[in-house]
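I opened the notebook to record what I looked up in this structure.

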Amino acid sequence: MAKLSFVSMGMILFLCCCSAIAGMAAADQGYLKYKDPSQPVNVRIRDLMQRMTLQEKIGQMTQVEYSVVTPETLRNYSIGSVLSGGGSVPFPNAKARDWMDMVNRYQNGSLSSRLGIPIIYGIDAVHGHNNVDSDLVKRIETATALEVRATGINYVFAPCIAVCRDPRWGRCYESYSEDPSVVQAMTSIIPGLQGEIPAGGRKGVPYLGGKDKVLACAKHFVGDGGTTRGINENNTVVDWHRLLSIHIWNGVKMHANRFLVTDFLKNTLKFKVMVPFNHTVFIDTLTQLVNANVIAMSRIDDAVERILRVKFVMGLFENPMGDQTYLSQLGSQEHRDLAREAVRKSLVLLKNGHNADAPVLPLAKNAPKILVAGTHANNLGYQCGGWTITWQGGSGNNLTSGTTILGAITKAVDLDTEVVFSENPDADFVKSHNFSYAIVAVGELPHAETAGDSTNLTLAEPGEDIISNVCSSVKCVVIVVSGRPVTMEPLVAQMDALVAAWLPGSEGEGVADVLFGDYGFTGKSSMTWFKTVDQLPMNVGDPHYDPLFPFGFGLTTEPTGGQ
């Protein structure tokens, strides 16, 4: 997600026109109503806000990137929230306990402030092109909440409820679909993260179901998936009714859009939680604007009330520290099995044999010799995509633990089957080895946000050459590893089978599960596959709709038990 730091990456912006807290008298150490969990939340909020200075209120409205603050900063300025942006880690190869120790250290800094208001610590926990049923998504996010809690973090920037209307957009893989109804159905991710609201419970207010849950942040408000020409943070030109179904709207930046943020989100939708703003000069200017009566104190109080409400509902005042109970949940086998299930259910079979031929898939496990080729066959970094350990992701098999597509194929076939891997073989090599069939894995390079904006959506080099060299010489199955539809014409005619794997992540065995018939293909595409980029934007229901593979398309196969 876009970096939400209210502090520049190079320095801390100190509050202007405010007296230092250091010289203030300590808060009354007698009975503090806001610290009494038996009091109603509204009572606790009012009591705490009456005790807060303007400087402390603005501090609570500030979210800071972890790498530019210290526990002392949090204490001195009563900072409300800290986040780890992409690649922002305690140190390379940090374990869950290292993360928890870091978060707890910062939390102790906040608790030592004059009023002892705990921080919310946030991190991105949304990844990959999601094309699975809502029940599975909910189970995935329940596991995600446990793994986030294992690191001591209590707040995630997820789910992404953008509706990607143009795959040229670099953030398209964060979106569930081009269809608003699919995205709406996938909001079941939120109770997976936060817990189910009890029967009769009030909706539209913050809720957290327990210490094994995390605060969710549905993002991004609003219209970012409709950005013109797929350019990140570009203008979304759309009428009001279409806007409600898909950062700028008709030329106005979203954080400056009073109608959408205040009138519509807060007053019409009765939104009662926090709306993160992205102003690098936030702390530096806000005090001046309040003191100059440009911003009313009521606006400050409105924001702080929402922030404190979330913290009280989360139980942060009673349980501010990370819980080591969940350390074993990170990367557990149960969660890896769940991820593997998600992979095999999300793969979309786009082609399976030529018209007059028998289907190619599922493949035989007992073939004498097979070829595995392609840039993405033995590269876990490519398989995972952006937002993997680092912001933009990376290449190679050392970023994270998991199984590559090559590793999964090697494990799935019979012991007597010879598996030959050549990333970029020429046609003569393929013809000379008498392969029974070939599996080619190609795709896009990892990316995030603006770095992923693309005008041509082509495969990473030399993907097209690999397909041509292999598929012209032997029966071939092409696996496309990408977070969005990419340009496949005129290559499709050369392929015997084509699989959209999206971004399968760490569990490559989910790919092998369906290639070899242990499970059948069931996935349906939540995105339209175009013929040429000249057609874009093109979405289901458009009058000029003429796709290569339409929205909702996906061939199926029956499981064969791997025979």
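The entries below go from the whole chain to one helix pair and then to aromatic rings.

**Entry 1: the chain.** I noted that this is a predicted model. I looked up the secondary structure and found 17 helices and 13 strands. The chain has 563 residues, and 55% of them are buried. I recorded an accessible surface of about 23,000 Å², with 52% of it belonging to carbon and sulfur atoms.

**Entry 2: two helices.** Two packed helices are described by the angle between their axes and the distance between the axes. I looked up helix α5 (residues 134-149) and helix α12 (residues 333-346), whose axes come within 10 Å and cross at roughly 145 degrees. The crossing of α5 past α12 is left-handed. Which residues of α5 and α12 meet? On the α5 side I listed Leu136, Arg139, Ile140, Ala143, Leu146 and Glu147, and on the α12 side His335, Leu338, Glu341, Ala342 and Lys345. Sorted by class, this contact has six nonpolar, one polar and four charged residues.

**Entry 3: aromatic rings.** I searched the whole structure and got seven aromatic pairs. One of them joins Tyr34 and Phe317: the ring centres are 6.2 Å apart and the planes stand at 80 degrees, so I wrote it down as edge-to-face. Why does Tyr34 count as buried? Its relative accessibility is 1%, and buried means under 20%. Phe317 has 17% relative accessibility, so Phe317 also counts as buried. I then looked up Tyr155 and Phe157, with centres 5.0 Å apart and planes at 70 degrees, so this pair is edge-to-face. Both Tyr155 and Phe157 are buried. Last, I noted that ring pairs link Tyr34, Phe312 and Phe317 into a cluster.

Terms used:
Residues numbered from 1 in each chain as written. Predicted model: local features only at pLDDT ≥ 70, side-chain atom pairs only at ≥ 80, totals over all residues. Heavy atoms only, no water. Helix = DSSP H or I, 4+ residues; strand = E, 2+ residues; numbered from the N terminus. Buried < 20%, exposed > 50% of the residue type's maximum accessible area, 1.4 Å probe, protein only. Areas by Shrake-Rupley, 256 points an atom, 1.4 Å probe, with all protein chains shown as cover. Axes fitted to C-alpha atoms, helices over the stretch in contact; angles between N-to-C directions. Left-handed = near helix turned anticlockwise from the far one by under 90°. Contact = heavy atoms within 4.5 Å. Nonpolar A, V, L, I, M, F, W, Y, C, P; charged D, E, K, R; others polar. Phe/Tyr/Trp six-rings, centres within 6.5 Å; stacked < 30°, edge-to-face > 60°.
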